[in-house]
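Hello,

Here is the structure I promised to pass on. My notes follow below it.

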Amino acid sequence: MAVQRIGIIGSGQLGRMMALAGTHLNTEYVFFDEALSSPCTNLGKTIQPSSENAIQRFLESVDVITYESENTDAELVSQLTKIKPVYPSAQSLLKSQHRLTEKSYFQSLGIQTADFKKVETKEELTEAVASLGLPIILKTTREGYDGKGQALIRESSDIEPAWESLKNQELIAEAFVTFTRELSVIAVRNPKKDIKIYPLAENDHSQGILRVSRIPVENLSIEKQQQANEFITKLLNDLDHIGVLTLELFDTEQGLIANEMAPRVHNSGHWSIEGANTCQFENHVRAICNMPLGDTSLRQPNAGMVNIIGRHGNQASVMAIPSAFYHAYGKAERLNRKIGHINVVANSTSELNKTIQALQPFIDECGE
Ligand code: AMP
């Protein structure tokens, strides 16, 4: 197979892990990003968008293009697509970039979501509270991540401060979902329309940031597993999606409710590096290069992931645990910043939980 040159818009940890996972399949990487010092430094050339003829040079340096973020400029993607294939397509990107578009799209495919209302004025917010009932979550329709751009309205007196903190942006008011836990399903599709789905992950968040993922999800009914697989398969096929797609879900007594999707590899899939036969990063590379997809099943019965947030912590203590794997992203320490993660593999749920417990300092302290 000839060398395939992959262009990545962005040069963060997701690009880094794609390049690390894909290089052995005879692929090379070019990053399109302003930052010359990044997690992707030394993994390939970086072209700065502000440099002369940047787009033309990027296009000439690559065979296929992908991106790291759902906030990637869709105009740029459409422009690049005229010359070189860009996966996932602008359609997957546009549907994921805007919470109102995304939720309406889910509903059009029969994928259940929280009730929601568009909010552009304070009067519309008061109306949304009246029709959805309290509590509600007010969110910006664009650019929110890790709980940013959100305000919880529990009672009427929260309306004013929520409005003040988010006004002058297009907003969505969502009914608060009473969930038992948060799950995600990650899948990959290639141009031959082959699909592989990873086992569902259970995700613990704190302050809007993912802290821990556990795989498989304990005591999840067959019906709910099938529901998640149906949701992601519908989305992949309807979008004609190429690459990895992630769907975040709330597990409720009434069934699974979709929160949002990401047209990319996802933090809740990092466990797959050591935990699955083929990790999400390699499968994304395989998909966009039109290669056969790899097996997504677990290597051992259980897997998990603990995010390293804010501070690097005691790396050596993690490396001393045989079933734990330390991954640093080459990023500087900063409060609430994701700078690495630790993967865990285990032969049972109790063994998994024991190792995760040993990593508790990372969960408690790093982000504080
Ligand atoms: P998001 O940016 O939409 O992923 O939201 C960040 C976090 O806020 C989610 O992981 C949930 O913990 C919580 N959240 C978001 N939307 C809702 C909702 N409609 N009901 C309850 N919790 C929510």
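Asp251 and Arg181 join their side chains in a salt bridge, with N to O at 2.8 Å (a salt bridge is a side-chain nitrogen of Lys or Arg within 4 Å of a carboxyl oxygen of Asp or Glu). The pair ties together distant parts of the chain: Asp251 sits in strand E13 and Arg181 in strand E9 (residues 181–189), 70 residues apart. Strands (E, at least two residues) and helices (H or I, at least four) are DSSP runs, numbered from the N terminus.

Asp251 has 3% relative accessibility, so it counts as buried. Arg181 is buried too, at 17%. Buried means under 20% relative accessible area (1.4 Å probe, protein chains only).

This is a predicted model: local features need pLDDT of at least 70, side-chain atom pairs count only at pLDDT 80 or more, and totals for chains, interfaces and linings use all residues. Residues are numbered from 1 along each chain as its sequence is written, and side-chain values use heavy atoms, leaving out hydrogens and water.

The whole structure holds 14 salt bridges. Another one pairs Glu174 with Lys139 (3.1 Å, N to O). Glu174 lies in strand E8 and Lys139 in strand E6, 35 residues apart. Both are buried.

Glu282 bridges to Arg286, with the closest N and O atoms 2.7 Å apart. They are 4 residues apart in helix H10 (residues 280–288), so about one helical turn separates them. Glu282 and Arg286 are both buried. Salt bridges with shared partners also connect Arg181, Glu202, Lys224 and Asp251 in one network.

Best wishes

How values were computed:
Buried < 20%, exposed > 50% of the residue type's maximum accessible area, 1.4 Å probe, protein only.
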